[in-house]
Amino acid sequence: MSAGEEACVACDRAAVHCGRAVGCPDSGRLRVGVADERVLAVVGQHLGPYQRADLAERVAIGLVPVKDNRRAERKKKLTGVSSSRWAGR
């Protein structure tokens with residue numbers, strides 16, 4: 001690690017900086033500031049139930065070929081509650 005680099009807490013390797021966040025490529029962990037942590041928690045609370053419902057639907061569909069997994073239909077349903085992209089449609 002060169003001077004000025006920050007070490008990853010999880011593995012002691014050089015951390016990757018991206019804007020205000022710091023992450024470790026090996027651990028998959030991202031260290032963010034307190035305000036960003038609060039935002040991520042709120043977003044997680046909002047999107048969590050939708051993600052769990054989509055997972056339940058994927059399990060119910062079962063192991064099928066990609067063309068039969070109804071991904072576009074499920075994605076459109078998720079996008080409707082997570083983005084303005086489908087608003088009004």
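This is a predicted model: local features need pLDDT of at least 70, side-chain atom pairs count only at pLDDT 80 or more; totals for chains, interfaces and linings use all residues.
Reader: Where in the chain is confidence lowest, and where is it highest?

Author: The term pLDDT is the predictor's confidence in each residue, from 0 to 100. The chain averages 74, and 61% of the residues score at least 70. Confidence is lowest in strand E1 (residues 16-18), with a mean of 51, and highest in H1, at 89.

Reader: How many helices and strands are there in the chain?

Author: Helices (H or I, at least four residues) and strands (E, at least two) are DSSP runs, numbered from the N terminus. Here the chain has two helices and three strands, and along the sequence they follow the pattern β-β-β-α-α.

Reader: At what angle do helix H1 and helix H2 pack?

Author: Axes are lines fitted to C-alpha atoms, for helices over the stretch in contact, and angles run from 0 to 180 degrees between N-to-C directions. Helix H1 (residues 34-61) and helix H2 (residues 71-82) pack at about 170°, with their axes 10 Å apart. Angles under 35 degrees count as roughly parallel, over 145 as roughly antiparallel, 65 to 115 as roughly perpendicular and the rest as oblique; H1 and H2 are therefore roughly antiparallel to each other. Contact means heavy atoms within 4.5 Å, and among the residues that make it are Tyr 50, Asp 54 and Arg 58 of H1, together with Arg 74, Leu 78 and Val 81 of H2.

Reader: Is Asp 54 buried or exposed?

Author: Buried means under 20% relative accessible area, exposed over 50%, and partly exposed in between (1.4 Å probe, protein chains only). Asp 54, which lies in helix H1, is buried, with a relative accessible area of 11%. Leaving aside residues up to four places away in sequence, Asp 54 touches Arg 74 and Leu 78. Across the chain, buried residues make up 13% of the 89 residues.

Reader: How far apart are the C-alpha atoms of Gln 51 and Leu 78?

Author: They are separated by 7.9 Å, although Gln 51 and Leu 78 are 27 residues apart along the chain. Gln 51 is also in helix H1, and at 42% relative accessibility Gln 51 counts as partly exposed.

Methods. Residues are numbered from 1 along each chain as its sequence is written. Side-chain values use heavy atoms; hydrogens and water are left out.
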